[in-house]
Amino acid sequence: MKTHLGRRPFSAMELHTLYTGYIYGDMRVVREQAKHWHFWLPLIAYYTGAYSDEIGCLTLDDLTVEQNILCFSFHTHGKIKPRLIPVHQALINAGFNDYLAFIKSQNQQRLMFDLPTKTGRYSEKVRIWFSGEGERAGYLQKCAIPNIDQLGMKTAISSLRLNFEQQVRIYALQANSKDAFNYLMGFNEYPHPNYSNVAVLNSIIGQIRVINSQLHWQRFINRDSH
């Protein structure tokens, strides 16, 4: 059987499992080397549809207020277009503002400041942590989610972009704006550099399903180790 027929989005049950796993619970696992990006990157990926390299590149300067709406400014991926993605309220509820204050207190600029590059890319470190490599189990395996299902379809950190796409497609069509969908995805089908109505974008993003309303960054850093 071919084991790389393509990527698929996570199921609703798999998303629940990912975002109630040990990273988002109250207990550290044995020998865990916890990093702040372990908490934030999968969340930002789910609520923005951004690739891990794009998230790894984010700096404080890439947070911008447009039409009174806080947005991420993604502009570091060669294959998809720059775009503004409003910050979902679930990220604020998870302690995003507290985390930004912490970054500033540490005199850091990158939001994922403790995510190092490997071979010049952030995505490589993310891939190994999330999906594992060789005998090393990743977060997926520790959550008992297979990398490859019975049909040979793969799940990876980029599967979260497919979950984002599924939802945004529906909510953009409900808003009668295919342009908003193409813009939020960074697709070339939207020919313009900017999208004029950020409130429409915010309305679409705001409808993305909240997967765990109990998670919080403070809870992450306070986790017990026994």
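Which side chains meet in a salt bridge at 3.1 Å, N to O? In this predicted model, where local features need pLDDT of at least 70, side-chain atom pairs count only at pLDDT 80 or more, and totals for chains, interfaces and linings use all residues, the pair is aspartate 53 and arginine 121. Residues are numbered from 1 along each chain as its sequence is written, and side-chain values use heavy atoms, with hydrogens and water left out.

A salt bridge here is a side-chain nitrogen of Lys or Arg within 4 Å of a carboxyl oxygen of Asp or Glu. The pair of aspartate 53 and arginine 121 links distant parts of the chain, with aspartate 53 in helix 3 (residues 52–57) and arginine 121 in the loop between helix 5 (96–105) and helix 6, 68 residues apart. Helices (H or I, at least four residues) and strands (E, at least two) are DSSP runs, numbered from the N terminus. At 16% relative accessibility aspartate 53 is buried, whereas arginine 121 is partly exposed at 45%. For these terms, buried means under 20% relative accessible area, exposed over 50%, and partly exposed in between (1.4 Å probe, protein chains only).

The count of salt bridges comes to nine. One of them joins the side chains of arginine 219 and aspartate 26 at 2.7 Å, N to O. Arginine 219 lies in helix 11 and aspartate 26 in the loop between helix 1 (12–18) and helix 2 (36–48), so this pair ties together parts that are 193 residues apart in sequence. Both partners are partly exposed, arginine 219 with a relative accessible area of 28% and aspartate 26 with 45%. Arginine 223 and glutamate 32 also meet through their side chains, again in a salt bridge of 2.7 Å, N to O. Here the segment after helix 11, which holds arginine 223, is tied to the loop between helix 1 and helix 2, which holds glutamate 32, and the parts are 191 residues apart in sequence. In this pair arginine 223 is buried at 5% relative accessibility, and glutamate 32 is buried at 16%. A network of salt bridges links Arg8, Glu14 and Asp149.

Attention now turns to the strands. Strand 3 (residues 69–74) is largely enclosed by the rest of the structure, because five of its six residues are buried. Strand 3 pairs with strand 2 (residues 63–66) in the antiparallel sense over four bridges; two strands count as paired if DSSP finds at least two bridges between them. Within strand 3, leucine 70 is the bridge partner of valine 65. Strand 3 and strand 4 (residues 83–86) likewise pair in the antiparallel sense over four bridges, and phenylalanine 74 stands opposite arginine 83 in strand 4.

The hairpin of strand 2 and strand 3 has two residues between the strands. Glutamine 67, in the loop between these strands, has a positive phi of about 50° although it is not a glycine. Asparagine 68, placed in the loop between strand 2 and strand 3, has a positive phi of about 65° and is not a glycine either. Glutamine 67 is partly exposed at 46% relative accessibility, whereas asparagine 68 is exposed at 78%.

Elsewhere, asparagine 212 sits in the loop between helix 10 (198–206) and helix 11 (217–221) and is buried at 13% relative accessibility. Asparagine 212 and proline 86 are 126 residues apart in sequence and 19 Å apart in space, C-alpha to C-alpha.
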